[in-house]
Amino acid sequence: MPDSPHGTSVTSDGAMDLAVTLAGQGPEQGPNPRVGCVITDADGAVIAQGWHRGAGTPHAEVAALADARERGVDVTGATAYVTLEPCNHTGRTGPCAEALLHAGIGNVRYAVPDPGDASSGGAATLNAHGIDARLAPHDGARELTRRWHRAVTQGRPYVIAKWAATLDGRMAAQDGTAFWITGPEAREHAHHMRARVDAIAVGTVTVETDNPSLSARPGGTEQGPQPLRVVIGSRDTAGAAVWRDGNALAIRSHDPATVLAELHAREVRTLIVEGGPTVLSAFLAAGLVDEVNAYIAPAVLGDGPAAISGMGISTMTDALRLTEVTHASMGADILVTGLVTEGT
């Protein structure tokens, strides 16, 4: 667990900071958000803590209550600091609001409201039973749940459009060669990004042309849970590397909304769309991209397929503009990131 021994006195802000740190230890992939919980006594001393370790495992509040039981600690009247509003429904696990109620918790502070239609309402349930449950906003908790929160509220995966291009915006040379546009540092970063999402999507043309493995290989080897490999389009790509095992899916549609609906039904909450240009442009034109990750290499081709085209934008005033833009050097390359639609 993080460096904050049981028995240490913390402020309310400090308790939520610790809960956020705990939450960050949970997996980024999967249908559930990363959540942490810290329980303090009347003097502000930490008496229990826990975090959610993935779908099907105890939620953070239940993990913290189990920590208290293992230590023989009475939580009656204690305060629970949770990064997300305690859930109010039975899914793979029971409702956390009920668990806190039965444990005798006296107060609950949560950093982010639960946006789910079925899971929200935990604070109202607690307050109705005399437990003081209040929102205590925290930027770190909001950032941890940002992608998941948007996926839940939009009813579709959070979509990251990712591409690598030359300075003149080319995704490949005229002869079709695309390896390697960027250097090793940018490629390594892209593999770390793949390891943080539920699925990666490409079109059938990319599968035919590049035969990509679509795996997350930080450090050069596949590590940890691998994202679902998604191939969009109607062409037959049998025998390609993406079909090497069962962790792959063909969606025979060219409609981005249809693709996202099918992935959402499979509990995909985060998706990287990697190409090719037709697929990327279709998602952008449909307004179904939340974030852009563009790796720009210091190279010029002068010809070859553009990374993005066919968006139907004819004047500068209609240009799609990113917000919350950041940039980072990666060897000789530059990564530009930004939000296409306002995050929640």
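Asn-211 sits in the loop between helix H7 (204-210) and E8; helices (H or I, at least four residues) and strands (E, at least two) are DSSP runs, numbered from the N terminus. This is a predicted model, where local features need pLDDT of at least 70, side-chain atom pairs count only at pLDDT 80 or more, and totals for chains, interfaces and linings use all residues. Residues are numbered from 1 along each chain as its sequence is written, and side-chain values use heavy atoms, leaving out hydrogens and water.

**Backbone**
- Although Asn-211 is not a glycine, its phi is positive, about 45°.
- Asn-211 is partly exposed at a relative accessible area of 41% (buried is under 20%, exposed over 50%, partly exposed in between; 1.4 Å probe, protein chains only).
- Glu-267, in the loop between H8 and E10, also has a positive phi, near 65°.
- For comparison, most residues other than glycine have a negative phi, and most peptide bonds are trans.
- From Gly-275 to Gly-276 the peptide bond is cis, with omega near 0°.

**Sheet**
- Eight strands make an open, mixed sheet ordered E9-E8-E7-E10-E6-E11-E13-E12; two strands pair if DSSP finds at least two bridges between them.
- At the edges, E9 (248-251) and E12 (323-330) each pair on one side only.
- E7 (residues 199-203) and E10 (residues 270-275) are parallel, with four bridges, and Ala-201 faces Val-273 in E10.

**Helix packing**
- Helix H9 (residues 277-285) lies across E6, E7, E8 and E10, at about 130° to E10 (contact means heavy atoms within 4.5 Å; axes are lines fitted to C-alpha atoms, for helices over the stretch in contact, with angles from 0 to 180 degrees between N-to-C directions).
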